[in-house]
Amino acid sequence: MGAYDVIVVGGGHAGIEAAWAAARLGARVGLVTSNPERIGLMPCNPAVGGPGKSQLVAEVEALGGLMGKLADATAIHTRVLNRSKGPAVQSLRVQVDRDLYALEAQRVLLGHPQIESVRAEVAALWVEQGVLCGVQTVDGRRLPARAVVVASGTFLQGVVWYGRQSRPAGRQGEPPARFLSESLRAVGHRLLRFKTGTPPRIQADSVDYHKLEVVPADDPPETFAGVPGPYATARPTWQTRTTATTHRLIQENLHLSPLYGGDIEGIGPRYCPSIEDKVVRFSDKETHLLFVEPDGLHTTELYLQGFSSSLPPELQVQMVRSLPGFEQAVIQRYAYAVEYDAVDPLELTPGLQSRMLPGLFTAGQLNGTSGYEEAAAQGLLAGLNAARYAMGLEEVQLPRASGYIGVMVDDLVHRGVDEPYRMMTSRVELRLLCRSDNADERMVPLAVAWGLRPAEDLRAVQAKYTRVQNELNRLQRSRIEGVSALQYLRRPEASYEQVLRLIGPPEIPLSKAEAYQVEVRAKYAGYMERQAKLRERLKELEAYRLPVNLDYTQVPSLSKEAVEKLSRVRPHSVAEASRVPGIRDSDITALLVYIAKMPVPVH
Amino acid sequence: MGLPSLNDVIAAIATPPGKGAVGIVRVSGEGALELVSRLWKGTNPSQLPGGRFTYGKICDPNTQEVLDEALLLVFRRPHSYTGQDSAELQTHGSPAVLRRVLQVLFELGARPAQPGEFTLRAYLNGKMDLAQAESVLSLVEAESEAARRQALRGLSAGLSQKISRLSEQLFDLLAHIQAWLDYPEEGVEPAQIQAGLEPVLQEINRLLSTAPAGRIAQKGARIALVGAPNAGKSSLLNALLGYERAIVTPIPGTTRDYLEAPLEIAGVPIVAVDTAGVRETHDVIEKSGVERALQIAQEADLVLYLADQSQPHPTPPPLPWERTLKVASKADLAPAWHDPSYLRVSSQTGLGLEELRQQIHRRLLGEAPEGELWISNERHVEALRRAQTQLQEALQAPEDLAALSIEQALEALAEILGKDVSEEVIDRVFRNFCVGK
């Protein structure tokens with residue numbers, strides 16, 4: 001076993017993208033997991049995408065990542081959400097076959113000549129005299145590497161709760177990572193304690209489907225990466241509802257929950273409320289909607305989305321059987337809550353590198369996020385930068401204005417988290433400019449420059465948007481009913497198709513994706529222009545760089561609170577500083593004056 | 001906090017508050033000259049080289065109304081105070097005119113300068129040496145402190161509560177729209193955007209309509225007394241004052257220029273301006289006094305037009321009638337005419353004086369009851385106007401775009417209150433809606 005350029009710890013969605021991105025750059029990657037057969041496993045529901053998240057998948061795809069392609073290939077049901085609510089919020093959600101997804105991830109990943117799978121539990125970071133040398137395993141091996149990406153998910157000091165009973169575990173049925181937390185603390189990281197939960201899994205043939213509401217798959221199916229898989233329309237999903245009995249069972253037994261009983265100290269996410277939370281906090285609602293998702297084509301298991309619980313197993317049986325269609329249901333795996341350690345992301349750089357130990361990168365749930373998509377996006381960025389670090393190249397980042405990944409990372413490393421962070425469209429100021437449909441335009445140039453995609457991909461994207469612009473120019477020149485075709489298309493009831501009927505098609509007809517771009521760009525021109533102005537303003541303060549080692553106590557007139565916060569967050573620019581909570585206008589002025597006073601570095 | 005820009009066009013009054021011989025409005029930033037050219041009648045400033053001045057008129061581009069005659073100084077980057085393209089409009093010193101000019105600049109897209117912002121730009125663009133840096137900083141700091149105190153004074157507890165309530169309503173509405181957009185499958189009903197926005201817009205309109213009264217309540221008002229010679233203007237001024245300030249003689253035309261006297265009506269500080277009598281005249285000095293009187297009337301917050309009711313009705317001069325109170329003076333003498341639109345007043349007997357005071361108060365401060373919320377700070381007014389524009393747009397737009405406009409409106413209100421918009425919305429999505437799986 002030789003030396004690696006990059007070691008990736010963990011084979012979840014962050015680990016997969018980290019290993020893949022590093023390998024794309026030519027790095028020798030060691031993917032260390034305690035069980036390689038579980039690489040690509042979906043411990044939560046078997047679905048990818050949805051509002052806010054599908055935009056992340058689109059950006060990962062445009063940056064040469066895997067998640068979109070894996071989901072497309074193993075889809076069993078796809079649905080476009082918010083189709084009529086505008087291009088900024090339209091999103092794709094794909095149900096996948098859980099087993100196929102993991103197999104496909106392993107096939108693609110381990111098929112890459114630069115990626116080697118290593119079966120081991122990592123015990124510690126291997127650090128000598130303050131320099132990262134690799135990792136040490138529980139069985140005493142030392143794996144040398146120039147850079148390490150830790151993407152260990154919820155496994156750090158994981159504790160799983162069933163009712164008020166707990167035991168150490170990373171996920172159901174798997175041992176936790178017991179030792180790595182100590183190692184992270186030893187290099188100076190502050191760890192947070194978070195919690196999350198999952199709903200029960202139901203034996204598929206114990207459910208009476210006639211009593212459920214059917215949600216059919218979109219036909220034809222939509223995709224993240226362009227090629228629909230063979231089973232993309234194969235399965236419906238279903239819905240059911242809680243009943244008065246469900247609510248009564250919960251109300252009467254709240255004291256049995258470790259949360260309401262006060263055993264769990266971790267902070268749970270607001271957006272992933274347990275069914276107990278929903279019933280207690282929204283007591284005026286007589287019923288709550290639940291989503292019944294098949295685990296796969298040949299599965300024996302159903303995922304009961306919306307029914308997360310930390311109540312004891314015997315009560316879960318009664319609760320499940322109070323749902324229409326589930327009167328005879330058999331629970332295969334009980335719902336549980338899990339508590340785990342997370343790194344405080346304020347101690348990371350915008351390239352997801354540790355500020356405590358150069359060469360160490362972290363990604364995914366370990367950084368205080370929630371969700372496969374959030375994890376994948378971070379994994380890609382961390383893997384890319386780990387490979388660059390190993391090659392002696394400078395760290396790169398995705399600025400906030402560039403899209404969803406940029407917003408998420410900026411939020412994480414500059415604002416910090418006090419609960420698991422989930423992506424939402426409302427977090428993105430420039431969401432009209434950062435849509436799924438133009439992720440290629442925004443990301444492919446970066447991907448090519450960084451070596452994540454081949455150069456011909458950039459030429460293809462440029463050609464696509466040139467055709468779009470030419471068509472917009474043609475519409476500007478053509479006239480319909482006394483106005484330009486472009487103006488005509490801006491009418492709410494007008495469509496590009498209709499315009500083509502009136503003025504004829506261009507010499508080379510546009511593809512479906514290109515036609516969509518023309519329509520969106522015509523209809524939302526005014527709003528997009530305004531957002532473009534906002535983007536320019538954002539960029540302006542980005543240009544005022546702050547040295548990472550700036551001694552904030554030496555900046556005259558900076559408030560005490562600002563000195564404290566900025567010393568901790570270490571922003572790279574005045575723009576980043578302005579987004580740190582608690583920073584006031586006068587602090588920004590003080591920073592601007594101070595850095596203007598410093599001697600200009602000689603390049 | 002809001003993200004400040006260092007290149008956009010900012011504007012501010014550069015001369016000290018109050019009436020002076022000359023008032024200067026300073027404008028700086030990328031596109032400052034193009035922006036100014038839109039209110040300038042005369043040589044186009046965007047065609048002028050730097051370091052030139054030109055004479056012309058300032059016009060409201062919407063109404064074509066001439067606000068003032070002025071001198072315009074053009075500076076081109078980097079040869080200006082700030083190092084950016086800049087302009088200085090030198091007007092006659094009236095605060096009312098300066099405010100209008102500033103208002104029009106804001107409507108054209110300039111934004112109010114933050115305290116010390118011109119100086120900050122000058123410094124950042126290398127227009128000052130190292131030694132000046134520290135003093136600049138302390139200056140900026142002192143100015144922000146003064147502005148903060150001033151802003152606190154302008155933002156009464158009542159107003160702050162009112163604006164908080166408006167943002168509350170908008171936050172709830174925005175959270176509703178976002179819950180519906182981010183959780184399309186979880187049974188969130190679509191938000192009633194129009195029904196949600198209309199009461200907020202109405203309240204913002206109402207608050208904005210109190211802006212002139214708020215300014216008067218805080219800074220005082222100027223009242224011009226105008227009328228034919230010997231109509232009793234100086235007597236009325238003395239009667240309102242309670243002592244002899246103006247020289248009163250029965251010889252018409254005694255007040256050849258004008259007299260200013262401070263007084264207070266129901267707690268509102270008022271400067272009453274007694275003007276020369278308005279009539280056809282060939283006397284050169286008197287003639288210039290008459291012109292001056294009409295000019296003062298144009299700039300005053302309220303005009304009292306006096307006509308002697310014991311004499312034949314004079315031909316009324318050109319006055320801003322929408323803010324003029326008509327007074328029939330010398331009501332103790334036998335009337336030569338009747339007109340119910342005039343208030344009958346006698347400075348000799350005091351007849352009608354109390355009623356006049358009440359009407360002056362009403363005309364200046366509106367029907368607002370005592371202690372009603374007044375919005376007076378220019379920055380608050382400007383922020384509310386931006387919120388108003390955004391919300392009007394939101395009314396027309398589909399949901400996803402309406403959400404963006406409401407977000408912008410909230411950003412504007414947040415500048416008054418100092419809140420973080422994005423976290424607040426997400427907070428409410430989960431507080432108000434049972435979403436998330």
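This is a predicted model: local features need pLDDT of at least 70, side-chain atom pairs count only at pLDDT 80 or more; totals for chains, interfaces and linings use all residues.
Let's start with helix α10 of chain B, which covers residues 353-365. Residues are numbered from 1 along each chain as its sequence is written, and chains are lettered from A and ligands numbered from 1 in the order in which they are written.

Which residues of α10(B) are buried? They are B:Leu356, B:Ile360, B:Leu364 and B:Leu365. Looking down the axis of α10(B), you'd see the buried residues fall within an arc of 140 degrees, so they line one face of the helix. (The arc is taken over the directions from the helix axis to the C-beta atoms.) On the face turned away from that buried side sit the exposed residues B:Glu354, B:Glu355 and B:Gln358. "Buried" is a matter of counting: 20 or more other C-beta atoms within 10 Å of a residue's own make it buried, 12 or fewer make it exposed, and anything in between is partly exposed, with C-beta atoms placed from the backbone. Just after α10(B), B:Gly366 takes a positive phi of about 75 degrees.

Zooming out, chain B has 13 helices and 13 strands. (Helices are DSSP runs of H or I with at least four residues, strands are runs of E with at least two, and both are numbered from the N terminus.) Of its 437 residues, 42% are buried.

Now for chain A. Four of its strands make an open sheet in the order β11-β10-β19-β12, with antiparallel pairing. (Two strands pair if DSSP finds at least two bridges between them.) At the edges stand β11 (165-168) and β12 (191-198), each with a single partner strand, so one side of each has no neighbour in the sheet. On average, neighbouring strands here are turned by 25 degrees against each other, direction ignored.

| Partner strand | Bridges to β19(A) | One facing pair |
|---|---|---|
| β12(A) | Eight bridges | A:Thr196 and A:Val338 |
| β10(A), residues 159-162 | Three bridges | A:Trp161 and A:Ala337 |

A:Arg193 also has an opposite number in β19(A), namely A:Asp341. Eight of the eight residues of β19(A) are buried, so the strand is largely enclosed by the rest of the structure. In a regular strand the side chains alternate between the two faces of the sheet. In β19(A), A:Tyr336, A:Val338, A:Tyr340 and A:Ala342 point one way, while A:Ala337, A:Glu339, A:Asp341 and A:Val343 point the other.

Where is A:Ser573? Look in the loop between α17 (560-569) and α18 (574-578) of chain A. A:Ser573 counts as partly exposed because it has 18 C-beta neighbours inside 10 Å. A:Arg545 is 28 residues away along the chain, yet the C-alpha atoms of A:Ser573 and A:Arg545 are separated by 4.1 Å. Leaving out residues up to four places away in sequence, A:Ser573 touches A:Leu541, A:Glu542, A:Tyr544, A:Arg545 and A:Leu546. (A contact means C-beta atoms, placed from the backbone, within 7 Å.)

Key: The expected span of a helix is 1.5 Å times one less than its number of residues. Axes are lines fitted to C-alpha atoms, for helices over the stretch in contact, and angles run from 0 to 180 degrees between N-to-C directions. Two residues are in contact if their C-beta atoms, placed from the backbone, lie within 7 Å.
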